[in-house]
Amino acid sequence: IEGIQSLEFTIERNDYRETVKRLYFTNFMGQYRNWCEENNLIFTGHFGGEEAFFHHVPQGDMLEALTLFRMPGMDTIASSRTIHLNTFNLTPKMPSSAAKFIGSDRVLCETFSGSGWRMRFPLMKRIFNRLLVMGINWVQYMGGFYTIGASAKNFPFGFPPSHNYNNTLFRHYHDL
């Protein structure tokens, strides 16, 4: 009897999650997608926490949600801290898989802004190459802070201020 009650609870919980996911996809993501299409805009973006599976649960099904974008995306703003991890490959593979599934030829990635003072051009190139191998082909530099002043203290997750190599005005940025 205890096993049957546990199974019923699991089914009810799965039904609840599936309902929340469908409502999220239809009433939130679907409305944005339709509005973008009606206004000739590319619907793109990403979800928070792509790097770890435990962040996927509140999204319902992150891989399925990525298929709703015309250009699926991801975020790897702290890539200088995570490039050495095997799990680095998980994040770019999800949106590139979603893009392949929906027939999109572009996959977006926001990167570099949380890299801090240690970032150098060779490391940027290493990160960029790894993203390309995993299917990312549209890199967007996410906003950065170019000061050692107080604004860096308020940046989420305690990221340090960005170095001039992260600045899009860096004279060699176009080479990347």
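At 35% relative accessibility, Glu37 is partly exposed. This residue belongs to a predicted model. Its side chain forms a salt bridge with Arg70, and the closest N and O atoms are 4.0 Å apart. Arg70 is partly exposed too, at 40% relative accessibility.

Where do Glu37 and Arg70 sit in the chain? Glu37 lies in helix H1, while Arg70 lies in the loop between H2 and strand S2 (71–76). The two residues are 33 places apart, and their pair links distant parts of the chain.

**Salt bridges around Lys21**

The whole structure holds six salt bridges. Lys21 takes part in a bridge with Glu18 and in another with Glu64. The Glu18 pair is local. Both of its residues lie in helix H1 (residues 2–38), three residues apart, which is about one turn of the helix. The Glu64 pair instead links distant parts of the chain. Here Lys21 is in helix H1 and Glu64 is in helix H2 (residues 62–66), 43 residues apart.

These bridges belong to a network. Glu18, Lys21, Arg22 and Glu64 are linked in it by salt bridges.

Is Lys21 buried or exposed? Lys21 has a relative accessible area of 9%, so it counts as buried, the cut-off being under 20%. Its partners are classed otherwise. Glu18 is partly exposed at 36% relative accessibility, and Glu64 is partly exposed with a relative accessible area of 25%.

| Pair | N to O distance |
|---|---|
| Lys21 and Glu18 | 3.4 Å |
| Lys21 and Glu64 | 3.0 Å |
| Glu37 and Arg70 | 4.0 Å |

**The nonpolar cores**

Now turn to the nonpolar residues. The largest nonpolar core has 13 residues. Which residues have the most contacts inside this core? They are Phe112, Ile127, Leu131 and Ile136. Helix H5 (residues 121–133) gives the largest share of the core, three residues.

Ile127 shows what such packing looks like in detail. Leaving out residues up to four places away in sequence, Ile127 touches Ser79, Ser80, Ile83, Phe88, Thr111, Phe112 and Met119. Among these contacts is Phe112, itself one of the residues with the most contacts inside the core.

Another core lies apart from the largest one.

Methods. Residues numbered from 1 in each chain as written. Predicted model: local features only at pLDDT ≥ 70, side-chain atom pairs only at ≥ 80, totals over all residues. Heavy atoms only, no water. Core = buried A, V, L, I, M, F, W, Y, C linked by side-chain atoms within 4.5 Å. Buried < 20%, exposed > 50% of the residue type's maximum accessible area, 1.4 Å probe, protein only. Helix = DSSP H or I, 4+ residues; strand = E, 2+ residues; numbered from the N terminus. Contact = heavy atoms within 4.5 Å.
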